[in-house]
Structure formats: structure tokens, C-alpha cells
Amino acid sequence: MSNEEARRERPGISVVVTTYNEEQNIGSCLESLLWCDEILVVDSHSTDRTPEIVRGYDKVRFVQRTYFGSAAQKNWAIDETAHDWILIFDADERCTPKLRQEIEKLLASGPDHDAYTIRRRVYFLGKVIRFSGWQRDQVIRLIKKGAGRYPNRRVHADMTTRGPAPLLRNVMDHYMVEDFHKYVLRIVKYSRWGAAQGWKEGKRSGPAEVLGRSLWRFLRTYFVQLGIFDGMRGLVFCLLQAYGTYVKWSILWSWRVNESRGIEPDLPVFDDREETWSGLEDLEQAH
């Protein structure tokens with residue numbers, strides 16, 4: 001089947017892109033997705049030029065919504081899409097031409113599954129990270145509506161699907177670190193959110209978590225997962241992951257200390273509305 005035949009015969013595809021202050025990324029991301037039938041950008045009230053850039057694309061539908069975490073944002077966006085098949089991207093990701101061709105031919109020929117996993121090729125300051133734990137980075141990003149849902153977690157929420165989600169052959173590009181300072185700030189932000197998730201789940205933190213988990217994170221990514229072969233980028237990157245682990249468990253420890261002093265933590269707001277997580281229980285049972 002030719003590419004043109006696949007485009008004519010496949011069902012419609014909606015793509016969801018979530019953004020916050022992504023003026024450096026959003027244009028390239030959208031350009032790689034213009035082949036989709038619907039593009040929905042859900043923005044968390046950016047303060048840079050992201051809204052202006054997105055509104056310059058006639059094909060793109062732009063909405064703004066308070067951010068309660070990636071899982072809540074994407075679940076909400078999935079419910080707002082018009083087509084039966086949904087592709088999910090972050091602003092720092094790009095759909096490669098080969099991935100586009102594979103998806104279109106897959107859907108045109110009648111897929112055997114309701115969800116598919118895509119491998120990410122990760123870039124750190126312009127160069128692919130080949131190891132450091134990212135050589136097997138893959139995420140479920142192509143689903144049939146109703147066949148996938150994110151769990152109620154503030155960070156690191158892996159989609160739950162109805163049935164298996166086999167891996168596609170081709171990759172998406174993930175430009176994860178283009179500005180080192182911004183990435184460090186993001187690590188700290190995600191660490192706080194991870195601590196908040198731990199607090200919500202009743203977890204505690206002590207030396208085994210603050211020191212043990214941080215040290216193991218570095219040893220695992222740098223030696224076991226071969227970050228040493230990524231050169232200076234691997235060293236910096238693996239230390240950053242260990243730092244994020246240290247910050248997360250240290251924040252949780254500090255909150256527990258203050259709890260004993262009668263001081264409650266200032267937690268980020270969680271989205272506890274039933275409609276955001278509806279359908280998840282049925283998928284978990286089916287899974």
C-alpha cells in the first residue's frame with residue numbers, strides 16, 4: 001500500500017499536545033503533526049509566546065486548562081478529541097516521517113490492537129543519549145478512544161490499556177534537554193510533585209531513601225545501564241537523575257519532620273474529579 005493510499009483509507013486521527021512555556025519547541029512539534037486530521041493543544045496558561053505561535057496554525061484547536069499533572073491533562077484532552085484514533089505528544093517531541101508512514105499504513109490496513117507503544121529517541125544538548133537508562137525509553141502514545149487511560153498520579157503515570165500495546169518499529173524524537181538550566185528547574189519541579197505523590201500515598205523517608213535511593217539511581221544509570229558510554233553527557237545526565245531522586249525524598253522527609261511540628265506541607269493541587277479518571281477501573285480489570 002502506498003503512502004497516498006494509506007492516507008485516503010485510514011480512519012481519522014486526532015493528536016493531543018500538552019504545553020507550558022514551550023515557545024522554543026511548539027512550532028517544530030506542530031509542523032511534524034500537520035498530517036493528522038485534528039490537532040488539539042492543551043496549554044497550562046503559558047506566559048511566553050506559546051499561545052501566539054499555536055494560534056498561528058489555522059488547523060490547530062487551542063484551549064487552556066489549569067495543570068494538575070500530565071495524567072490529568074491528557075485524560076481530559078483525550079475526552080475532547082473528535083476521532084476514534086488518538087496520538088499523544090509532548091511539545092518537545094517530534095513525529096518522524098517514518099513513524100507517520102507506519103501509523104498511517106497500520107490504521108489503513110486495519111490494526112489488530114487498540115493501543116500501540118512508540119520508542120523515543122532522546123536528545124541531550126543536540127546529541128542522542130544512547131544509554132543512561134534511556135535506550136529502552138518507550139511510551140504508549142497511539143490508542144483507540146476508550147482503550148487507554150492514565151492513572152491518578154501527579155508524575156510518572158504510565159497509561160493503562162485494554163489489552164496489549166505492541167511496539168511500533170519507528171521512533172519519535174524527544175528533545176528532552178536543550179537548555180540545561182531549564183531542565184534542572186524541571187527536575188526540581190518534578191521532584192516536588194513526586195514527593196507530593198508520596199505524601200498522598202502515606203510514604204515516609206529516611207536515610208535509606210535520601211542516600212540509598214539517590215546513590216543507587218546514579219550507580220544503576222551510569223554503570224548498570226551504561227551511561228558511562230555516553231561520555232560527559234552521560235555523566236551529567238546520570239548525576240541529574242540521582243539529584244532528582246535526592247530532592248524528591250529529601251522534600252518528603254522535610255514534610256514529615258514538619259508534620260511532627262504541626263506544620264502541613266504546601267502541596268500542589270490534585271485533580272480528584274471523577275470524570276478525569278472515569279473508565280480507568282474497567283481498563284485495570286481488563287488489563
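A: Here is a quick walk through some side chains and backbone spots in this model.

Q: Is this an experimental or a predicted model?

A: It's a predicted model.

Q: OK, cysteines then. How many disulfides does the structure hold?

A: The count is 0 disulfides. Take Cys 29, which is in no disulfide: the nearest cysteine sulfur belongs to Cys 95 and is 9.2 Å away.

Q: Are Cys 29 and Cys 36 buried or exposed?

A: Cys 29 is buried, with a relative accessible area of 0%. Cys 36 is also buried, at 0% relative accessibility.

Q: Switching to charges. How many salt bridges are there?

A: The count comes to 21 salt bridges. As background, side chains of opposite charge can pair when their charged atoms come close.

Q: Which residue does Arg 162 meet in a salt bridge?

A: Asp 114, with 3.1 Å from N to O. That pair links distant parts of the chain, 48 residues apart. Arg 162 is in the loop between β10 (160-161) and β11 (167-177), while Asp 114 is in the loop between α5 (97-109) and β6.

Q: How accessible are Arg 162 and Asp 114?

A: Arg 162 counts as partly exposed at 37% relative accessibility. Asp 114 is partly exposed too, at 23%.

Q: What about Glu 201, which side chains does it meet?

A: Arg 153 is one of its partners, at 2.8 Å from N to O. Arg 153 lies in the loop between β9 (148-149) and β10, and Glu 201 in the loop between α6 (180-200) and α7 (207-224), so this pair ties together parts that are 48 residues apart in sequence. Glu 201 also meets Lys 203 in a salt bridge, at 3.4 Å from N to O.

Q: Which residues are linked in a network of salt bridges?

A: Lys 74, Asp 90, Glu 93, Arg 120, Asp 137 and Arg 141 are linked that way.

Q: Where is Ile 228 found?

A: In the loop between α7 and α8 (231-260). Ile 228 is partly exposed, with a relative accessible area of 38%.

Q: Last topic, backbone. What is phi of His 45?

A: Near 60 degrees, which is a positive value in a residue other than glycine. His 45 sits in the loop between β2 (38-43) and α3 (50-55), and is partly exposed at 42% relative accessible area.

Q: And phi of Leu 125, what's that?

A: Near 50 degrees, again a positive value in a residue other than glycine. Leu 125 is in the loop between β6 (115-124) and β7 (127-128). At 37% relative accessibility, Leu 125 counts as partly exposed.

Definitions and conventions. Residues are numbered from 1 along each chain as its sequence is written. This is a predicted model: local features need pLDDT of at least 70, side-chain atom pairs count only at pLDDT 80 or more; totals for chains, interfaces and linings use all residues. Side-chain values use heavy atoms; hydrogens and water are left out. Helices (H or I, at least four residues) and strands (E, at least two) are DSSP runs, numbered from the N terminus. Buried means under 20% relative accessible area, exposed over 50%, partly exposed in between (1.4 Å probe, protein chains only). A salt bridge is a side-chain nitrogen of Lys or Arg within 4 Å of a carboxyl oxygen of Asp or Glu. A disulfide is a pair of cysteine sulfur atoms within 2.5 Å.
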